[in-house]
Amino acid sequence: MATDPFRLKGVKFAAAQCMASNEQVVCVDGCSNFLYFGTTHGNIVRLELQEHGDTEVRDVMQLPTKSAITQLLAASAVECLIVVSASKIFYVDINSLQVLSAGTSSNVICIALNTNPVTEDPFALHIAIATSNRMILVCEKSERNSFVRQRITTDDNVIAICYSKNCICYATQSEYFVYNINGNVTLSLFPYDIASTTPLIVNIDTEEFLVSGMQGLAIFATSAGVSSRPPLFWGADRIVSTVYHSPYIFALNSSSLIVFKCNEASEVHRMSVVEGSIVSNVTGRVVLCVKNQIFLIEEISWFDRAEALLTQSCIDDALKLAEESVLSASYDEAEILRLNRLKQKAALIYFRDEQFEKCSDMATSAEIDPRELIFHYGHLEFPLVPFQVSDFNIAAVGDVDTTSERHLDFLQKYLLRVRNLHWTRAYKRDLDTALVCLLSRNDGFLEEKSLSDLSCSLHDCKEWMRARNCLRFYVSVAFECDNTQDAFETCRELSDVRRFDADLHQLCLRNFNRIMDVKILLGSLEFLLRFDAASTVRALESLPIQVDPREIVKYLEPYRDELIFYLQRMRQLQIAELDTKLAILYIEEISRLLPNEEDDNIQKIKQYRTSLRHLFFESHYIEKEKVAEKMKASPAFAVETILLKGKDRASEECLETLLNDYREFDAAELYCFYMNAHNKRLFRILLKSYLKIVTTQPEFKSRIVNMLQSMNEPGDELEIIAEFPDDWPLQMLSSFASKALSAYDYRLHCDKLRTAALSVALRHLTSELREGASTKINIDDHTRCAACGNPIGNEEVAVYPHSNTLVHRSCTNCSHLCPETDTAG
């Protein structure tokens, strides 16, 4: 299965070309891309491994013994093969397969190369040779010569041997030993039964070995004896061959190949292998021989296994395997990147299977480029920058229909989730563009401030939404991006095609306070006023920029009510042109409404008249001639004409005319209210008139009371109170009396303060004069006037008291300041 950690890869070669039908492979080794194996017929075959295609048979040679080759070791340092056949050693050229030399004795049982030699010559081989005369020969072979360094006598013939640095581990027919070359010391490890256990020794590390023991155990041993490491249990079946390739131990029995994790002493995999003969480590490749077949045992990376699990939709298992593998690799950076790639693929599979919540979590955790998911929404044709998806994207997702609301809602929520994360910053513009396009499918607008730091491509979004009749939504996006100009221009475009509605109008008015350009404002007024003039004019009050109101008035001309409202708001600016225009508008509206005196019209006329009269007094720059000319044509404005004329004179005659000729009491009160400060008698005239009228018209009492309450500091309170009839109840005058008393007390207090201040000033001046009078002044022939510089002589003199400066009295007429100190005195 693809999820297994190991697999067998057959080495395909023309077996018939180099082997007989009954011939079997019994040993194997190699170097570089070449594989050498020995057969039961004494043949040595050299194969060249190919990356792709069949392995080529390069050479075949048969040893003179024509007997089974029991051992074959490749010594690339000296470019030869060391071969044991028929108890003899042969040295064979590694390239030509020609026999270089052969041992003279025929008593060799087995050999071992030192895997960790201690030598100054890198091209020298250290070999341990076990012979049938109960001896181990420790030899050294170089290109020039070879010799025996040490002879080790054993109690029995050695049938298995391994050599590492200065230690040799070997097995006899019944027991395992270790021999220390430097100390010439042999230690017994433990006995075993050859009937049930095949003696096997594997070099694990420098001077550390693994040997097969009884009861299915494999024991670790060192030069000091049996190791404290826990043994490995590889089962009751007899192990026929074993090899170590870090970090795994491969054990071959009659029915299977078992792989153990060496450091953990745990089985990680078992595969079925029938009639396997040998397993060997050939320069980092683990090779398995089965009769006349050769296989390479390849470790399947955790990533490939996890990907295989993903293809079977076993996502949880795949991620568990990946995370455990990364943990065992101590979080190597390259492995972490591979784990992240796996998570990204898992996120896409979740997407394919419509497990959207898991997809969102996994995609966020793995920091997958959100455009990998957006890619599958091609039918929406988002206006994004061209993007090349990952090589695994299409294979993982396939052809999926994303037109459903569930798919669209998922993408919308996912983009909202990741758009402001730090790892999406590089493509945030594309994400926001896709997001606002998705949001536009819903009715309404983009909620204000719902997308912080929005940075979509406005032009592309606008064209996309235009094609889908979503420009209403685009307006809210433009406002959110602070592009008020484009927002209002789009609204004008919608207004021109009659697709501008009340919601859009309100949206525009809510954003009036964001307009910072007069051109944008004026360019938008026309269609906004056309839709709803009243609310538009009221929104003008919130403008943050200075706009010449005369420019706005041009757009308000067709809307008289709104124009009047706006001009009323602008009265505080005291602009002659606007105040004059407002007055004329009042006059025109009153003239228009007079012929049709319905209740509503009467109320409006009254309102306009009152506003017009107040305007006359409150506006300092109104063009009176224009206004007077406008009123001249109608007798309905006789009172207003009198008020306008009497504005500058505080005329008692004007007040008398209003009271006696027109009996316009409201106008008379208004005139007094504004002009009394200029002529205090106006109030008394009005009051006397009212007091005469009230005898026949009692309802005027309320007018008098109200008028008294509105008066501030008339100055003659006692005289006013004395003029009231004796039969008026005191409570009617209480408010005015209280105010008058307060004013009287205040004036009295001011008089006292003024008197006290004058008294202090007088005492101070008297004191200064006395001090000056007591000052002694000496005048002689040399004393000169400080002002003109001439001698004082017999002329009348004056002295400045603070500085005692002398001047001619006549010189003080020029200035009252002391000529020396430049101060008064």
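User: Which residues form a nonpolar patch on the surface?
Analyst: That's L327, Y331 and I336, with about 310 Å² of accessible area together. Patch members have over 30% relative accessible area and no salt bridge, with nonpolar side chains (Val, Leu, Ile, Met, Phe, Trp, Tyr) joined within 5 Å and like charges within 9 Å. Areas are Shrake-Rupley with a 1.4 Å probe, and for residues only the protein chains shown count as cover.

User: What should I know about the model itself?
Analyst: The model is predicted, so local features need pLDDT of at least 70 and side-chain atom pairs count only at pLDDT 80 or more, while totals for chains, interfaces and linings use all residues. Residues are numbered from 1 along each chain as its sequence is written, and side-chain values use heavy atoms, leaving out hydrogens and water.

User: Ok, where's Y331?
Analyst: Y331 sits in the loop between α3 (315-328) and α4 (333-352). Helices (H or I, at least four residues) and strands (E, at least two) are DSSP runs numbered from the N terminus.

User: Buried or exposed, that Y331?
Analyst: Y331 counts as exposed because its relative accessibility is 53%. Exposed is over 50%, buried is under 20%, and partly exposed is in between (1.4 Å probe, protein chains only).

User: Switching to salt bridges: how many are there?
Analyst: The count is 48, taking a Lys or Arg side-chain nitrogen within 4 Å of an Asp or Glu carboxyl oxygen.

User: What does D59 pair with?
Analyst: D59 bridges to R46, with the closest N and O atoms 2.5 Å apart. D59 is in strand β5 (residues 56-62) and R46 in strand β4 (residues 43-48), so the bridge ties together parts 13 residues apart in sequence. D59 is partly exposed at 23%, while R46 is buried at 11%.

User: And what's the partner of D486?
Analyst: K462, with closest N and O atoms at 2.9 Å. D486 lies in helix α12 (residues 484-496) and K462 in helix α10 (residues 458-467), so this pair links parts 24 residues apart in sequence. D486 is buried at 14%, and K462 is buried at 11%.

User: Which partner does R466 have?
Analyst: R466 bridges to E493, the closest N and O atoms being 2.2 Å apart. R466 is in α10 and E493 in α12, so that bridge ties parts 27 residues apart in sequence.

User: Last one: how do α23 and α24 cross?
Analyst: The axes of α23 (residues 665-675) and α24 (residues 681-693) come within 9 Å and cross at roughly 155°. That makes the two helices roughly antiparallel.

Definitions and conventions
Axes are lines fitted to C-alpha atoms, for helices over the stretch in contact, and angles run from 0 to 180 degrees between N-to-C directions. Angles under 35 degrees count as roughly parallel, over 145 as roughly antiparallel, 65 to 115 as roughly perpendicular and the rest as oblique.
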